[in-house]
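The following paragraphs lead through a structure, moving from the whole chain to its sheets and then to a single residue. Please keep the sequence and the model in view while reading.

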Amino acid sequence: MKAWEVVIGIETHAQLSTRAKIFSGSSTAFGAEPNVQANAVDIALPGVLPVLNRGAVECAIRFGLAVGAKIAPRSVFARKNYFYPDLPKGYQISQYELPVVVGGQLAIVVGESERVVKLTRAHLEEDAGKSLHECAGANFHGRTGIDLNRAGTPLLEIVTEPDMRSSTEAVAYARALHALVRWIGICDGNMQEGSFRCDANVSVRPVGQTEFGTRREIKNLNSFRFMQQAIDYEVQWQIATLEDGGTVEQATVLFDPQSGETRAMRSKEDAHDYRYFPDPDLLPLVIDRQWVDEIARQMPELPAARRDRLATDYGLSAYDAKLLTASLELATYYETAVAAAGNSGAKACANWVMVDLTARLNKEERDIGQSPISAEQLGGMVARIVDGTISTNIARKVFDALCNGEGRSADEIIASQGLQQITDGDALETLIDELLATNAAMVAEYRSGKEKAFNALVGQAMKATRGKANPQQVNALLRKKLG
Amino acid sequence: MSLTLEQVHRVAHLARIEISDGEAQSTLGQLNEIFSLIEEMQAVDTRGVEPMAHAQDVAQRLRADRVSEAGTIDQRAAFQEVAPETEAGLYLVPRVIE
């Protein structure tokens, strides 16, 4: 049996987070009444003219800078011609021969190893409207309903080289890209609402062959899990087809999450004859160096740089640093907490964020932006662990109290709920003397060589202080008293 | 180069223009005349000349990212007056499904 190599390239449509549409002054907000955010330009009334939104161009520049691409000093909008009811003009304004972003690359991590996926280009274009075949409470009498609110929403289409060799690499790329576009604030990344949609071009070839096999394009993958499943299915289908002596025809396919299979769309052979030509309604887009430099100055520190810096500055493991830089919000939260806790609390802050806070957010289905405990509150609490005011165990109570809004700060909760650790040696000594007197049986057991009895005594002391004694101090005092 | 009758029919179909065989025949002649004109122009040496994307040599002006038109139900109703069929605010079209 032959060994096969998988070749994957990915095209992503990222909806840009602008307020207005790419060529009109309509709002891009999601969830409005159908066709209310579709003005004369969006519905393509005769005589209207597109005017390019500066904000969309800035998003493209930010992306280009983030992936180390060339920002084209001059790029051109073109018409991509096809007929579909959710495309009222009969063409989509896109870019073809001269895109705004050329080249670039994105680092991905697969298992332990890091590698780079090369990008071909990224270009600006407008989204189409939505076709609804049925929806709650509306029967279209066997017709299709068209909502043009999405028509004209700015998209950045990001295209990779055929650079990935497995579904795992493809998903790692998609995740890295998803994190990056959110990090630099150009796309909200909401996959349910269709803000980030991927198409995967998949082909297989015998290992050692230099020419690519015939590819099939899997359209509209709107979750990472579906992407993995769809590519895995497509790869085994192509290999099985070729090994049975068949051929793979170039086609566009859809993934059906129900069956876990991909199937070819019934598309006519002319579907891909788009007859691109420069749009005479739009002049070339000119981006001067000064504009690019200005945007470069406003760029946030990028995820990879932030990750390396967190590891170096706070002595975090590579793994922890990667988790804490999953999003800009999370990284900012972490560093704000450390600022409040002090650098000696950096590792403790990392643990609290990754374990207790993450568990709480997951349970409440919130993201870090909606955290019930602020970074300053968490950092303030960690500061009290570091200086010995509370133990880690007691801190869990403080953490819950802060999440439940029982006080404004850790200090306030420690004071009002009397959670301060008993570090007064005299007070503790008195308490332990009493304990030894009332637990004579345990003391005798310990003296007869049963180490377990010692632990029981420590337990009693912690119970008597409601967990507020310092366990090390209790240990030391007990050892001293029991001689 | 010159076009075939089949190509004329194909282009007409892509543009959703209905043409009769007679029209296709006369269009073929006209288009081929245009192609021969292009062939003549291609004899000109254009090395080092950057292709123009627009007849005017100026740059695109940009609009600020600001919502300048708050859509309203009334405006939608005005737009939809000319639509053959609407329901629940949607334009209705013959069923399309992939």
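**From surface to strands**

Chain A exposes about 22600 Å², of which carbon and sulfur atoms supply 50%; accessible areas come from the Shrake-Rupley method with a 1.4 Å probe, and for residues only the protein chains shown count as cover. The model is a predicted one, in which local features need pLDDT of at least 70 and side-chain atom pairs count only at pLDDT 80 or more, while totals for chains, interfaces and linings use all residues. Residues are numbered from 1 along each chain as its sequence is written, chains are lettered from A and ligands numbered from 1 in the order in which they are written, and side-chain values use heavy atoms, with hydrogens and water left out.

Chain A has 15 helices and 18 strands, both being DSSP runs numbered from the N terminus, with at least four residues of H or I for a helix and at least two of E for a strand. Its radius of gyration is 30 Å, well over the 23 Å that the globule rule gives for 483 residues, so chain A is more spread out than a compact globule; the radius is taken over C-alpha atoms, and the rule is 2.2 Å times the number of residues to the power 0.38. Along the principal axes, the C-alpha atoms of chain A fill a box of roughly 95 × 60 × 55 Å.

Of the 483 residues of chain A, 49% count as buried, where buried means under 20% relative accessible area, exposed over 50%, and partly exposed in between, with a 1.4 Å probe and protein chains only. Among contacts (heavy atoms within 4.5 Å) in chain A between residues at least 6 apart in sequence, 68% join residues at least 24 apart.

One place to begin among the strands is β1 of chain A, residues 4-15, which is mostly covered, with 11 of its 12 residues buried. Strand pairing here requires that DSSP find at least two bridges between the strands. β1(A) pairs in the antiparallel sense with strand β13 (residues 196-206) of chain A over 11 bridges, and within that pairing E5(A) has R205(A) as its bridge partner. Strand β12 (residues 154-160) of chain A also runs antiparallel to β1(A), joined to it by five bridges, with Q15(A) standing opposite L155(A).

Where do strands of chain A and chain B come together in an open sheet? Four strands form it in the order β10(A)-β11(A)-β3(B)-β2(B), with antiparallel pairing. The edges are β10 (130-132) of chain A and β2 (86-87) of chain B, each with a single partner strand, so one side of each is left without a neighbour in the sheet. Within chain A, three bridges join β10(A) to β11(A), and L132(A) is bridged to G145(A). Between the chains, four bridges join β11 (residues 143-147) of chain A to β3 (residues 90-94) of chain B; R143(A) has P94(B) as its bridge partner, and I146(A) stands opposite Y91(B). Four of the five residues of β11(A) are buried.

The last stop is A453(A), which lies in helix α14 (residues 451-464) of chain A and counts as buried at 5% relative accessibility. Leaving aside its neighbours within four places in sequence, A453(A) is in contact with M442(A), E445(A) and Y446(A). A453(A) and M442(A) are 11 residues apart in sequence, and their C-alpha atoms are 5.7 Å apart in space.
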